[in-house]
Amino acid sequence: MNPFQKNESKETLFSPVSTEEVPPQPLSLPKKPPPKICGSNYPLSIAFIVVNEFCERFSYYGMKAVLTLYFLYFLHWNEDTSTSIYHAFSSLCYFTPILGAAIADSWLGKFKVLSLVGLSLIALGTGGIKPCVAAFGGDQFEEKHAEERTRYFSVFYLSINAGSLISTFITPMLRGDVQCFGEDCYALAFGVPGLLMVIALVVFAMGSKIYRKPPPEGNIVSQVVKCIWFAISNRFNNRSGDIPKRQHWLDWAAEKYPKQLIMDVKALTRVLFLYIPLPMFWALLDQQGSRWTLQATRMNGNLGVFVLQPDQMQVLNPLLVLIFIPLFDLVIYRLVSKCGINFSSLRKMAVGMILASLAFAVAAAVELKINRMTPPQPGPQEIFLQVLNLADDEVKVTVLGDENNTLLEESLRSFQKMPHYAQLHLKTKSQDFHFYLKYHNLSVYTKHSVKEKNWYSLILREDGKNISSMMVKDEENKTANGMTTVRFINTLHKEVNISLTTDIFLSVGEDYGVSAYITVQSGEYAAVHCRTEDKDFLLNMGLLDFGATYLFVITNNTSQDPQAWKMKDTPANKLSIAWQLPQYALVTAGEVMFSVTGLEFSYSQAPSSMKSVLQAAWLLTVAVGNIIVLVVAQFSGLVQWAEFILFSCLLLVVCLIFSIMGYYYVPIKPEDLQKPADKQILHTQGNVINLETKKTKL
C-alpha cells in the first residue's frame with residue numbers, strides 16, 4: 001500500500017508527524033431492501049425500536065416521577081438537597097452517553113451496545129441506550145427515504161412520551177395508593193419500571209435478524225481528538241509568516257489525516273459550537289420533576305372528579321407532547337410554510353427557548369400567588385406558638401420575657417385553642433420562656449425552652465385541682481410539603497391503638513400522650529377503628545382536606561364511647577393545582593419545537609461515522625443543564641419565585657446568543673456528507689519528516 005495519498009500538487013509543506021494506520025473496515029449492508037411496514041417506506045425494524053424505546057422510557061420516567069418525593073418524604077432530605085440530588089442523577093444519566101457513543105461508533109456498533117450494555121446495566125444503561133437508539137433507528141432508512149426518516153424522529157419522540165405519559169401517571173399511584181410497611185410503597189413504584197426494562201430487552205432482541213446494522217468505523221472519538229490536536233499543534237509549529245495560510249484551522253491536519261475525516265470533523269465541530277448555549281433550555285425543562293413538583297405539593301390537587309397527586313402533575317408534559325407533535329407537524333408548521341416564512345430548524349429551536357422562558361415567568365407568578373395564601377415560616381430567632389386548653393374550665397395564659405415583660409396574653413375556654421399561631425422573637429437561637437397560668441383561683445408559673453425556626457404547641461391540662469402544661473414541638477415546615485398530616489393527643493388513662501387505614505397503625509400513650517405526625521391521603525374518615533385494652537370504638541375524623549394539618553384530641557365521654565376533638569393546625573392548600581396548566585402547556589410547546597427539531601437536526605448534520613457521537617453530544621447538553629440547576633439550588637439562596645425569574649431571564653439571554661450563532665450557521669446538505677473519500681490514515685515507515693523550512697516534491 002502506498003504510504004502517501006496521491007496529491008496533484010507537486011509541493012507540500014510538512015511538520016514532524018508520528019503516524020498510525022487504521023485498517024479499512026468491510027461494509028456489512030443488506031443485500032436486499034429491508035421488509036417494510038404494511039407496504040410503506042418505513043422499515044419493519046422501526047417497530048421493534050419504537051416499542052423498545054417506549055418500554056425503556058416508561059422505566060426511566062416512571063422511576064424519576066417519584067424520585068423527588070422519595071428523597072423528601074422517605075429519606076427526609078430538605079427541598080434543596082432533594083432538588084440537587086435529583087438533577088445530579090439526571091446529569092449523570094446524560095453524561096454517560098459519551099462513553100456509550102464512543103463504544104458504539106468505535107468497537108461494538110449501535111446494536112450490540114443497545115442490547116448488551118444499555119439494557120443489562122440500568123445504572124449505566126442510559127449511557128448505552130440514549131446515543132444509540134435514535135441514530136440506530138435513523139440507520140434503518142435508505143437515503144432515498146429521507147422524508148420518512150424525518151417523520152420517524154417525531155414518531156420516536158411520540159414513543160418516548162407515550163411511555164412517560166403512562167409511567168408518570170401509574171407510578172405515583174403505585175407509590176401513594178399502595179402501602180408497604182405502613183408507608184408509601186416506593187418498592188413497588190421502582191419495581192414496575194424495572195420490569196419494563198426486561199420487556200424492553202426482549203422486544204429489542206426479537207427484531208435482531210431484520211435490523212440494518214452499519215458496522216463501527218474504528219475508534220472515531222479517538223480519531224477526532226487526535227485530528228483536532230494534530231491540527232492545533234501543526235499550526236503552532238508552522239506559525240512562520242513564510243508559510244501560506246490555510247482556509248480552515250483543521251486543514252492543518254491534512255499532512256496526516258484523510259480529507260474525508262477532516263471534512264467530518266469540520267462538520268462535527270461546527271455543530272458542537274452551536275450546542276454551547278443549549279444546556280440552559282434543559283436546565284428549565286428538567287425542573288418539572290423537581291421544583292415544579294415541589295410547587296405542586298403546596299397546591300390543592302382535588303379537581304372534583306379525582307384527586308391528582310403532586311408527582312402526577314408531570315403527566316401533563318407527555319400528554320401535551322402527544323397532542324402537540326401532530327398539531328405542530330400537520331397544522332402549525334404547514335400554515336407557517338404557506339405564509340412564505342422559512343421556519344428553519346434553528347428558528348424553531350429559538351422559538352422553543354422563548355416559550356420555555358415564558359413558562360418560568362408564569363411559574364413565578366403562580367409561586368407568588370401560593371405565597372400570599374400560605375402562612376409564613378418562622379425565621380432566624382423566631383418561633384411560632386399556639387396554646388391549647390384541654391382543662392375543664394377557662395385558663396388565662398401570659399407569656400413573659402426575660403425582663404418579665406408581657407409577650408403574649410390569651411384567655412382560652414375549655415377545649416379551645418388560639419385562632420392562629422403567635423410569632424415570638426428570641427434574643428438568641430434558643431431561649432427559655434416563662435408562662436403565667438391562671439386557673440380558677442390558682443396561679444402557676446412554669447418555664448419551657450424553645451429553639452429558633454420551630455413551631456410549638458403549649459398544651460394546658462388539669463391535674464386534679466391543679467393546672468399544668470407541656471410544650472410539644474410541631475412538625476418542621478409542615479406547611480411546605482403539602483401533604484395531609486394528622487396527630488393525636490390521648491387524654492384517656494389507657495393506651496389507644498388507632499387503625500387509620502388497613503396499612504397505617506399507631507399507638508398513643510395514656511394520660512395526654514402525643515403521637516407523631518402521620519401522613520395520610522386526603523378524603524373522608526368517618527369511622528376510624530380504635531382499641532384500648534378493654535374495648536373497641538370508632539372515631540369520626542370527618543373530611544381531611546388536601547395539604548392541611550390536623551390535631552385530634554381523644555376525650556372520654558361517660559355516656560358514650562370516646563370521641564375526637566378536631567382542630568386544624570394548618571389550613572388546606574387553597575390554590576388549585578390546575579393553575580400549573582399554563583406553564584406546562586408553554587414549556588411543552590417549547591420542548592416540541594426545541595427537542596424534536598434538535599434531535600432530527602443533530603442526525604441530519606452528523607457525518608455518517610459520527611452520528612452516535614453527535615447524539616451523545618446533544619444529550620451532554622442535557623447533563624450540563626442539570627448541573628446548572630444543581631449549582632443554583634445549592635448556592636443561589638433565592639426564594640423560589642425569584643429563582644424562577646432568574647432562569648427565565650437567563651434563557652432569554654441565551655436565546656439571543658443562540659439566534660446570532662444560528663444566523664451565521666450554514667446547514668450541511670446530506671449529499672455533502674456522502675461524498676466518497678479515502679478514509680485511510682497516512683502511514684510512513686519513518687518517524688519524522690521535517691520540512692518546516694523545506695519543500696519536498698512527491
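Is R246 buried, partly exposed or exposed? At 27% relative accessibility, R246 counts as partly exposed, a class that lies between buried (under 20% relative accessible area) and exposed (over 50%), using a 1.4 Å probe and protein chains only. Welcome to a predicted model, in which local features need pLDDT of at least 70, side-chain atom pairs count only at pLDDT 80 or more, and totals for chains, interfaces and linings use all residues. Residues are numbered from 1 along each chain as its sequence is written, and side-chain values use heavy atoms, with hydrogens and water left out.

**Salt bridges overall**
- The whole structure holds 12 salt bridges, each being a side-chain nitrogen of Lys or Arg within 4 Å of a carboxyl oxygen of Asp or Glu.

**R246 and E255**
- R246 pairs with E255 in a salt bridge, at 2.5 Å from N to O.
- E255 is buried, at 7% relative accessibility.

**K396 and E409**
- K396 and E409 form a salt bridge of 3.6 Å, N to O.
- K396 sits in strand β5 (residues 395-400) and E409 in strand β6 (residues 406-412), so their pairing ties together parts 13 residues apart in sequence; strands here are DSSP runs (E, at least two residues) and helices are runs of H or I (at least four), numbered from the N terminus.
- Both are partly exposed, K396 at 33% and E409 at 47%.

**D80, R291 and E643**
- Salt bridges with shared partners link D80, R291 and E643 into one network.
- Between D80 and R291, the closest N and O atoms are 3.0 Å apart.
- D80 belongs to helix α3 (residues 79-95) and R291 to helix α12 (residues 291-296), so this pair connects parts 211 residues apart in sequence.
- D80 is partly exposed at 36%, whereas R291 is buried at 3%.
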